[in-house]
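Here's a friendly walk through a protein model, one topic at a time.

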Protein chains: 2
Amino acid sequence: MSEVHMARRSRLRERPTVSGAGGGTALLVSTPANLRYLTGCAPPGAVLLLDPDGHDTLLTRSDPVPPPGLADGSDALRVRSAAPPAQDPVTTAGEIAARGRAGTLAVEEHHLTVARHRALAAAAPRLRLSDLGPAVEQQRLVKDEEEIAALRIAAEITDQALGELLESILVGRTERHLALELERRLIDHGADGPAFPTCVATGRHSGLADHVPTDRRVEEGDFLTVRLGASYRGYRCRIGRTFVIGTAPADWQIQLYDLVFAAQRAAREALAPGVPFREVDRAARQLLDSAGYAEALGPAVGGGIGLEIGEDPVLSPQGVGKLDACVPVTVEPGVHLPGRGGVRIDDTLVVRSQSDGGPELLTITTKELLAL
Amino acid sequence: MSEVHMARRSRLRERPTVSGAGGGTALLVSTPANLRYLTGCAPPGAVLLLDPDGHDTLLTRSDPVPPPGLADGSDALRVRSAAPPAQDPVTTAGEIAARGRAGTLAVEEHHLTVARHRALAAAAPRLRLSDLGPAVEQQRLVKDEEEIAALRIAAEITDQALGELLESILVGRTERHLALELERRLIDHGADGPAFPTCVATGRHSGLADHVPTDRRVEEGDFLTVRLGASYRGYRCRIGRTFVIGTAPADWQIQLYDLVFAAQRAAREALAPGVPFREVDRAARQLLDSAGYAEALGPAVGGGIGLEIGEDPVLSPQGVGKLDACVPVTVEPGVHLPGRGGVRIDDTLVVRSQSDGGPELLTITTKELLAL
């Protein structure tokens, strides 16, 4: 994998916002997901220094043992630990940059704390500090085939874990217990871990976006909303499904389900290269609005997904920009009726052109309203 | 619990470093563990504003639903969501503070990013921004009985989970599988979750501090090092034990175990109010040094534990300060011999005076060298 990461570092250097900063600018990357994208690993507190003469150095907190995931024996990336014990890798990076040809060091101001930034300025007083901004995040937006392959496996694992749960007896079990079992199944099938805390919501909790599982037990007649995702090699996906418990759903359940399903499908079908982010949101939102659930959707119908849950782009009415091919996104509308419950349906998809077959659905568990 | 949190907020206002800043200083707390300590909850991105006229406001990202764990109906703490969608609670807090009597806003520079700090300054240009520093962390150092009670339960859960593992068959199972099983047992016994990623290290991995579990299987003759901890109501503990697999340990295993055990005991016995942090470290370090393992111990023999793993104090040769009563700490020495394996023994204890019976051991699983 080290060639992949080396190529990503080269592409970062060549980005117009980065190369336009001038020849004497070194880059300091500290955001963990960005570090992982550029090196394959993200030890706690570590930073990556890309200096103007092409040397890349990963600075770790203390341990001199190369972190797992890092290519051994490659001289494309040096690994050093921060000198004397407990010194911050950020300040060590500043000292190294100041000794080299760099006049300016561009840092991730959206991640670096005020205190670390101040210590960096003190450690390298001759360096001018500038803002790298979200340059690495922007580069991460369009995924390469290696990344999409990891997402596909994450989605497969997630579908497997959910599928097994659906075959088991659910009535009488608690939300908490079901969430735990799903997470165990994710790991059994090869996930690094859950991509985010698994959400199991029954009865009047159903349809809530970020419900924390309780000791409430599944009952006949309940809606049951499940949201989960595997993380595989750092790549995360999300699926959300809502089921009814018992033999036949009530009329209000069928109506609400059909509405959310229609909104979710409309947003999925809107996904194509060149489509404005807000159009995807609007496709779902106008359906929910016209059915009288204007407030139900929350700030966005979905968003980017990859090394993080909730990356760019944000598919919201305020979203500025247009979709590109090979951008994985979630589409996750829901309606919750206070005191009664509700429906959420979430998928992870990759934006593809019509000639490539249209949006690629990664999370393939059925979206029929199953009665379990 | 709301009275407890209100009292903590009052004590924060009365701290000399805080009250000495003058009457017109509002405080902005953003570090999640500090937020949880002062309010009982820490929604992602939320901040707490304590203004000079005694009003406390928790600002959350968007959702107007009161976060779980927060007292309902109490007017001691107002809850507001950041105005317009996606606005940062930090800037909303700055706007509120600027409208009040505050001339200065003290922020946590060790947590706030450069970008958020800049946005705050822009949102409230008339406010002077100063550094609150680690005032809340310092207040968190000595735990109250409610906190120690939560730690005791966390330790009980941890001992139970470990005890059950020891009764099962271990040979042939992978590190990864054992780590998963331990985490499941923690949650089965009532933990919120693991306090940190569970570490299971066999054979040549044994004795490593932060080994990531692999697919290596437990074999006869192995050392097996297990490090785990429950989080209970946010309070975390840590236990570490090393066992041998099979009927009888080899001589080198007995010798190494006895040495680490002696070092660990020496550090535990050094724990008392008034003892310098570095003395606790020295007690263990000198024993390991004189046996020829000067480099084995790493930067510190242990440290504070509570809402976070690795809080203050740091029990290291560089540690400046002395222990207080009611400070929970870990004592966690280890020796790892590259290619062969090693031993770690970790406990969580609360510092108590001799008249109170000396250090209170929370993690009570035996430290005999068990052959499993």
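UniProt positions are given in the numbering used here, feature names are shortened, and annotations may be inferred rather than shown by experiment. With that in mind, the UniProt record, an unreviewed entry, gives the annotation "domain: Peptidase M24" for residues 150-352 of chain A. This is a predicted model, so local features need pLDDT of at least 70 and side-chain atom pairs count only at pLDDT 80 or more, while totals for chains, interfaces and linings use all residues; side-chain values use heavy atoms, with hydrogens and water left out. Residues are numbered from 1 along each chain as its sequence is written, and chains are lettered from A and ligands numbered from 1 in the order in which they are written.

**The annotated stretch**

- Helices (H or I, at least four residues) and strands (E, at least two) are DSSP runs, numbered from the N terminus.

**A sheet in chain B**

- Strands of a sheet pair through backbone hydrogen bonds, either parallel or antiparallel. Here, two strands pair if DSSP finds at least two bridges between them.
- What is the strand order of the open sheet of six strands in chain B? The order is β4-β3-β2-β1-β5-β6, and the pairing is mixed.
- β4 (78-81) and β6 (128-131) of chain B sit at the edges with a single partner strand each, so one side of each has no neighbour in the sheet.
- On average, neighbouring strands of this sheet are turned by 25° against each other, direction ignored. For angles like this, axes are lines fitted to C-alpha atoms (for helices, over the stretch in contact), and angles run from 0 to 180 degrees between N-to-C directions.
- Helix α3 (residues 32-39) of chain B packs on the sheet, where it touches β1, β2 and β3 (56-60) of chain B; contact means heavy atoms within 4.5 Å. The direction of α3 makes about 55° with that of β2(B).
- Strands β1 (residues 25-29) and β2 (residues 47-50) of chain B run antiparallel and are joined by three bridges. Across from Val29(B) you'll find Leu48(B) in β2(B).

**A hairpin in chain B**

- Strand β16 (residues 334-337) and strand β17 (residues 341-344) of chain B run antiparallel, with four bridges joining them.
- Val335(B) has Val343(B) as its bridge partner in β17(B).
- Three residues lie between the strands of this β16(B) and β17(B) hairpin, and Gly339(B) in the hairpin has a positive phi near 85°.

**Helix pairs**

- In chain B, the axes of helix α7 (residues 145-166) and helix α8 (residues 175-188) come within 9 Å and cross at roughly 135°.
- α7(B) and α8(B) are therefore oblique to each other: angles under 35 degrees count as roughly parallel, over 145 as roughly antiparallel, 65 to 115 as roughly perpendicular and the rest as oblique.
- The α7(B)–α8(B) contact has seven nonpolar, one polar and three charged residues. Ala, Val, Leu, Ile, Met, Phe, Trp, Tyr, Cys and Pro count as nonpolar, Asp, Glu, Lys and Arg as charged, and the others, Gly among them, as polar.
- In chain A, the axes of helix α4 (residues 89-99) and helix α5 (residues 114-123) come within 8 Å and cross at roughly 30°. That makes α4(A) roughly parallel to α5(A).
- From α4(A), Val90(A), Thr91(A), Gly94(A) and Glu95(A) meet Arg116(A), Ala119(A), Leu120(A) and Ala123(A) of α5(A). By class, this contact has four nonpolar, two polar and two charged residues.

- Where is the cis peptide bond with omega near -5° in chain A? That cis bond runs from Asp312(A) to Pro313(A), and Pro313(A) is in strand β14 (residues 309-315) of chain A.
- Chain B has a cis peptide bond between Asp312(B) and Pro313(B), with omega about -5°.
- Arg233(B) isn't a glycine, yet has a positive phi of about 50°. Arg233(B) is in the loop between β10 (230-232) and β11 (235-236) of chain B.
- Arg216(B) belongs to the loop between β8 (199-202) and β9 (223-228) of chain B. Arg216(B) and Glu175(B) are 41 residues apart in sequence, and their C-alpha atoms are 6.0 Å apart in space.
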